[in-house]
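Me: I would like to go through the terms used for this model and see what backs each of them. Please set the values against the cut-offs.

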Amino acid sequence: SYRKIVKSIHRRRRVIEGFAGDIHTMVDAVSQKQSTSENSAQPSDQRSKTSKQNISPSDPMKKRFQESIAQLVADFRNHPNDMYNGITAADAMRMYDMQYHEGGTYEQESLDIYARVLELANAQRKAAIAAGKPTNRVLGVDSVNDEVALEYSQRSLDGLLCGVYTSQGKMYFMANMFERAVEAYGGCLNEIEPSYLDAVNARGSALIVLGRYKEAGRDFTQV
């Protein structure tokens, strides 16, 4: 239902936009997937450029967040075909830039990873369609729109793609690249699920900034 979807969107936004403690808990839980021994065994040239950025010595929470992001990105660089690692890394960088307003510390790197994930997911979706397999079904969920409440690993390909397109659009929005944000939301809304509410709402906000009020009004009417 509409209320269930809106509650799910707000729940996920609280995770993304919440207090630093919640963010660090999420990032640390994922970054601990790889053991310390595996980290020490990585060749230095395989580590992400992110790990070479200046780590804040004065703010322990911030430093911990930066170190977690560095590890998440290193994991993805070592396994560049793992969509879920990529999503986790890009989302963590987006969360950081929302939490700490430093002019988009991880802006371009997160956008690059989102683009790579979309490339992988779209290739899988194309192959599934060619094989006559559904791309919009997941057990126990009625529609792609309802999948916003699920973890990415539990979503259908269509649900995953809509989620990543929406996150990519939000990163473009944060970077003041509003036309690109509208294009990203359109990847979901024009190609997969025209009523995906998180993307519809976010696109409406971008259209207002661009002065495209009639189009924004149509989007907000859906929401």
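Reply: What follows takes the terms one by one, for a model that is predicted.

Me: What makes up the chain, in helices and strands?

Reply: The chain holds 10 helices and 0 strands. Read along the sequence, the pattern is α-α-α-α-α-α-α-α-α-α. Of its 223 residues, 49% count as buried. The chain exposes about 11,700 Å², and carbon and sulfur atoms supply 50% of that area.

Me: Why is E151 called partly exposed?

Reply: The relative accessible area of E151 is 47%. Buried means under 20% and exposed means over 50%. The value for E151 falls in between, so the residue is partly exposed. E151 sits in the loop between α6 (107-130) and α7.

Me: Why is N176 called exposed?

Reply: N176 has a relative accessible area of 57%. The cut-off for exposed is over 50%, so N176 counts as exposed. Its place is in the loop between α7 (157-174) and α8 (178-189).

Me: Why are α7 and α9 called roughly parallel?

Reply: The axes of α7 and helix α9 (residues 197-209) cross at roughly 25°. Angles under 35 degrees count as roughly parallel, and therefore α7 and α9 are given that term. Their axes come within 10 Å, and α7 passes α9 in a left-handed crossing.

Me: Which residues make the contact between α7 and α9?

Reply: From α7 the contact takes T166, K170 and F173, and from α9 it takes D198, A199, A202, S205, A206 and V209.

Me: What classes do the residues in the contact of α7 with α9 fall into?

Reply: The contact has 5 nonpolar, 2 polar and 2 charged residues. Ala, Val and Phe are among the types that count as nonpolar, which covers F173 of α7 and A199, A202, A206 and V209 of α9. Lys and Asp count as charged, so K170 and D198 belong to that class.

Technical notes. Residues are numbered from 1 along each chain as its sequence is written. This is a predicted model: local features need pLDDT of at least 70, side-chain atom pairs count only at pLDDT 80 or more; totals for chains, interfaces and linings use all residues. Side-chain values use heavy atoms; hydrogens and water are left out. Helices (H or I, at least four residues) and strands (E, at least two) are DSSP runs, numbered from the N terminus. Buried means under 20% relative accessible area, exposed over 50%, partly exposed in between (1.4 Å probe, protein chains only). Accessible areas come from the Shrake-Rupley method with a 1.4 Å probe; for residues, only the protein chains shown count as cover. Axes are lines fitted to C-alpha atoms, for helices over the stretch in contact, and angles run from 0 to 180 degrees between N-to-C directions. Angles under 35 degrees count as roughly parallel, over 145 as roughly antiparallel, 65 to 115 as roughly perpendicular and the rest as oblique. A crossing is left-handed if the near helix is turned anticlockwise from the far one by less than a right angle, and right-handed if clockwise. Contact means heavy atoms within 4.5 Å.
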